[in-house]
Amino acid sequence: MACTADTLAAALRAAAAVIAEHRAELVDLDRAIGDADHGENMDRGFTAIVSALDTATPETPAAVAKLAATTLISKVGGAAGPLYGTAFLRASVKLGDAAEVDGPLLVEALRAALEGVQARGKAVGGDATMVDALIPALSAAEEASGSDVAAILAAAADAADKGAESTVDLVPRKGRASYLGERAKGHMDPGARSTALLLRAFAEAAK
Ligand code: ADP
Ligand code: MG
Ligand code: MG
């Protein structure tokens, strides 16, 4: 199944529900090594995306992604809003005027999203950020690129889960958690966790 504007909008609504469900978990992760607002930030942003989708009907997948991007950038302060906003914006540019997103285009959009996050935040793999979920997600998506969109997203979500898990043993080198240095070890990065949650929500919605 290819992804249309409607299915992408439905996936974002599903993602908003998942983020709302995991709000407290994301707050707790951020309390351990940051400022305890990641769950609130994400919930505010995705609730605003749902409101925006209630009042506008973007006609292409790119327009849906752009609406998500501008909403996150304008409604979410802190590090994650602009980073996720950039991810959706770069993905939107890559989607162009396509009416449907097939497997190969999805992989290109994911690559653009990762590149956007890295251009904006300058984090590399191993810095204990959302990039540690996105890099393995993209690799898995590339390997599955001959499959359909749902299978690609499922592979990406599985890899993102493992990537998020890997941040537990890392010393953060970007964002607030880096202020703690070695003391941040033993905790999962909240942004890596939210990336894994988003990809899982998209994968489930694409089934
Ligand atoms: P803030 O840290 O401003 O309170 P959030 O708590 O919403 O913002 O988001 C924190 C998350 O943002 C971190 O867990 C990490 O995954 C991500 N992050 C922070 N800085 C960077 C960066 N430079 N590059 C990539 N991700 C980052
Ligand atoms: Mg925070
Ligand atoms: Mg904050």
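Modeller: Let us begin with burial. A residue is buried if 20 or more other C-beta atoms, placed from the backbone, lie within 10 Å of its own, exposed if 12 or fewer do, and partly exposed in between. Glu21 has 12 C-beta neighbours inside 10 Å, and therefore counts as exposed. Glu21 belongs to helix α1; helices (H or I, at least four residues) and strands (E, at least two) are DSSP runs, numbered from the N terminus.

Colleague: How is the model to be regarded, and how are its parts numbered?

Modeller: This is a predicted model, in which local features need pLDDT of at least 70 and side-chain atom pairs count only at pLDDT 80 or more, while totals for chains, interfaces and linings use all residues. Residues are numbered from 1 along each chain as its sequence is written, and chains are lettered from A and ligands numbered from 1 in the order in which they are written. The predictor's confidence in each residue is its pLDDT, from 0 to 100. Here the protein has a mean pLDDT of 97, and 100% of its residues reach 70 or more. The scores of the model are ipTM 0.99 and pTM 0.98.

Colleague: Which domain does UniProt place at residues 6-204?

Modeller: An unreviewed UniProt entry gives the feature "domain: DhaL" for that stretch. UniProt positions are given in the numbering used here, feature names are shortened, and annotations may be inferred rather than shown by experiment. Over residues 6-204 the model is 71% helix and 0% strand, with the end C-alpha atoms 15 Å apart.

Colleague: How does one judge the length of a helix?

Modeller: The expected span is 1.5 Å times one less than the number of residues. Helix α4 (residues 61-75) has 15 residues, and its first and last C-alpha atoms are 21 Å apart, close to the 21 Å expected.

Colleague: Which residues of α3 are buried, and what do they pack against?

Modeller: Packing is read from contacts: two residues are in contact if their C-beta atoms, placed from the backbone, lie within 7 Å. The buried residues of α3 include His38, Asn41, Met42, Asp43 and Phe46. The buried residues of α3 pack against α1, α2 (23-33), α4, α5 and α9. In α4, the buried residues include Pro61, Val64, Leu67 and Leu72, and their cover includes α1 (5-21), α3 and α5. As for α9, 16 of its 17 residues are buried, so this helix is largely enclosed by the rest of the structure.

Colleague: What is Ile152 in contact with, leaving aside its neighbours within four places in sequence?

Modeller: Ile152 is in contact with Gly103, Leu106, Val107, Ala141, Ala144, Ser145 and Ser147. Ile152 lies in helix α8 (residues 149-166), and counts as buried because it has 27 C-beta neighbours inside 10 Å.

Colleague: What should I look for in the backbone angles?

Modeller: Most residues other than glycine have a negative phi, and most peptide bonds are trans. Phi of Lys122 is near 60°, a positive value, and phi of Ala128 is near 65°, also positive. Lys122 lies in the loop between α6 and α7 (131-143), and the place of Ala128 is in the loop between α6 and α7.

Colleague: Is Lys122 buried or exposed, and is Ala128 buried or exposed?

Modeller: Lys122 counts as exposed because it has 12 C-beta neighbours inside 10 Å. Ala128 has 28 such neighbours and so counts as buried.

Colleague: Which residues come nearest to ligand 1?

Modeller: A residue is near a molecule or strand if its C-beta atom, placed from the backbone, lies within 6 Å of it. Of the 24 residues around ligand 1, Gly78, Ala80, Gly121, Gly175 and Gly191 come nearest. Two or more residues of the shell are given by each of α3 (38-55), α5 (80-95), α6 (103-121) and α9 (190-206). The largest share, three residues, comes from α9.
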